[in-house]
Amino acid sequence: MLHKKLKPFPKDFLWGASTSAYQVEGANLSHGKGPSVQDVKKVPEGTSDLTVCADFYHRYKEDIALMAEMGFNVFRFSICWSRIYPLGDEETPNEEGLKFYDQIFDECLKYGIKPLVTLSHYETPVGLVNKWGSWSDSRTIDCFLRYVKSVGERYKDKVEYWLTFNEINCIDFSGWVAAGIPNQNPQTIADAAKNQLIASAKSVITLHNINPNNKVGNMIGYGIKYPNTCHPNDILKTWEEANEDYFYCDVQARGYYPRYKLKEYERNGVVFSLNDKEKEILKSGTVDFISFSY
């Protein structure tokens with residue numbers, strides 16, 4: 001009777017579900033939306049058609065009603081960047097895209113479900129890939145911040161929980177999905193990761209400025225690593241592998257690059273530097289909470 005020995009969850013504990021726009025919305029090129037990296041990637045035969053998916057774009061009311069029926073009090077989902085800025089670098093947002101998410105938030109709040117919004121869930125606009133290589137170029141930071149400011153101001157009375165990048169560490173093995181990078185060159189990955197980490201910190205600062213009550217978190221794809229044996233070599237290798245996940249969390253939560261990553265770059269010939277302004281941004285833009293998928 002283990003459950004009788006455990007303490008109950010707090011009354012404000014959040015139970016819910018999680019989706020991403022590209023996994024459920026459909027309407028992938030409708031109502032002004034531009035293509036994201038998901039719309040042009042090769043997918044295995046039998047994989048869900050992104051033009052339809054679960055058709056959440058048209059069925060969100062019944063889907064959210066089902067969530068309420070299940071007793072959910074939080075719904076984590078993503079805003080698709082290319083639905084708001086179709087090419088990624090426009091000066092003004094797509095109003096149809098903004099209205100769609102207004103409806104989602106209103107429907108959630110009608111049932112007492114808190115929205116938990118992911119700002120970037122593997123949906124970099126292809127327009128930025130074609131223009132300058134997306135996250136491998138620091139100009140993408142300003143484009144992302146324009147998007148963050150637009151949705152932050154638009155939904156400031158409807159959303160209080162935000163995540164910057166979904167599973168940001170996945171850029172290490174899936175650069176195209178995570179950042180619109182067509183190769184896994186170590187230098188390119190390091191550059192893109194730096195740009196995303198700075199963009200994340202700036203997003204935290206921006207959302208806090210818009211509404212001091214906003215809570216902004218990070219998100220890593222996490223799996224516990226176990227050594228094959230208790231031999232020191234296996235222990236050290238496990239530690240090193242775990243740091244590949246912890247690195248991103250360390251930067252976002254602590255506000256600086258850990259020494260183990262800088263030494264790794266040095267050993268692998270990756271050219272890396274942070275100027276004083278960038279260091280201050282990372283320090284000032286630490287997240288309010290940590291989240292992970294497991």
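1. Two strands are taken to pair if DSSP finds at least two bridges between them, and helices (H or I, at least four residues) and strands (E, at least two) are DSSP runs, numbered from the N terminus. In that sense Thr118 of the protein chain has Leu163 as its bridge partner in β4.

2. This is a predicted model, in which local features need pLDDT of at least 70 and side-chain atom pairs count only at pLDDT 80 or more, while totals for chains, interfaces and linings use all residues. Residues are numbered from 1 along each chain as its sequence is written, and side-chain values use heavy atoms, with hydrogens and water left out.

3. The secondary structure of the protein chain comes to twelve helices and seven strands. Its radius of gyration (taken over C-alpha atoms) is 20 Å, close to the 19 Å that the globule rule gives for 294 residues, so the chain is as compact as a globular protein of that length; the rule is 2.2 Å times the number of residues to the power 0.38. Along its principal axes, the C-alpha trace of the protein chain spans about 60 × 55 × 45 Å.

4. Of the 294 residues, 49% count as buried, where buried means under 20% relative accessible area, exposed over 50% and partly exposed in between, with a 1.4 Å probe and protein chains only. Contact here means heavy atoms within 4.5 Å, and among contacts between residues at least 6 apart in sequence, 78% join residues at least 24 apart.

5. Five strands form an open sheet in the order β1-β2-β3-β4-β5, with parallel pairing. Strands β1 (16-18) and β5 (215-217) stand at the edges with a single partner strand each, so one side of each is left without a neighbour in the sheet. Neighbouring strands of this sheet are turned by 20° against each other on average, direction ignored; the axes behind such angles are lines fitted to C-alpha atoms, for helices over the stretch in contact, and angles run from 0 to 180 degrees between N-to-C directions.

6. Which strands does β3 pair with, and over how many bridges? Strand β3 (residues 114-120) is joined to β2 by five bridges, the two running parallel, and β3 pairs with β4 (residues 161-165) in the parallel sense over four bridges. Thr118 in β3 stands opposite Ser78, and Leu116 has Tyr161 as its bridge partner in β4. Six of the seven residues of β3 are buried, so this strand is largely enclosed by the rest of the structure.7. Helix α5 has 16 residues and reaches 22 Å from its first C-alpha to its last, close to the 22 Å expected at 1.5 Å a residue, the expected span being 1.5 Å times one less than the number of residues. The buried residues of α5 include Leu98, Phe100, Tyr101, Ile104 and Phe105, and what covers the buried residues of this helix includes α3 (56-69), β2, β3 and α7 (139-154). Just after α5, Gly112 takes a positive phi of about 75°.

7. Two residues other than glycine also deserve a look. His31, in the loop between α1 and α2 (37-40), has a positive phi of about 55° and is partly exposed, with a relative accessible area of 36%. Cys53, in the loop between α2 and α3, has a positive phi near 50° and counts as buried at 16% relative accessibility.
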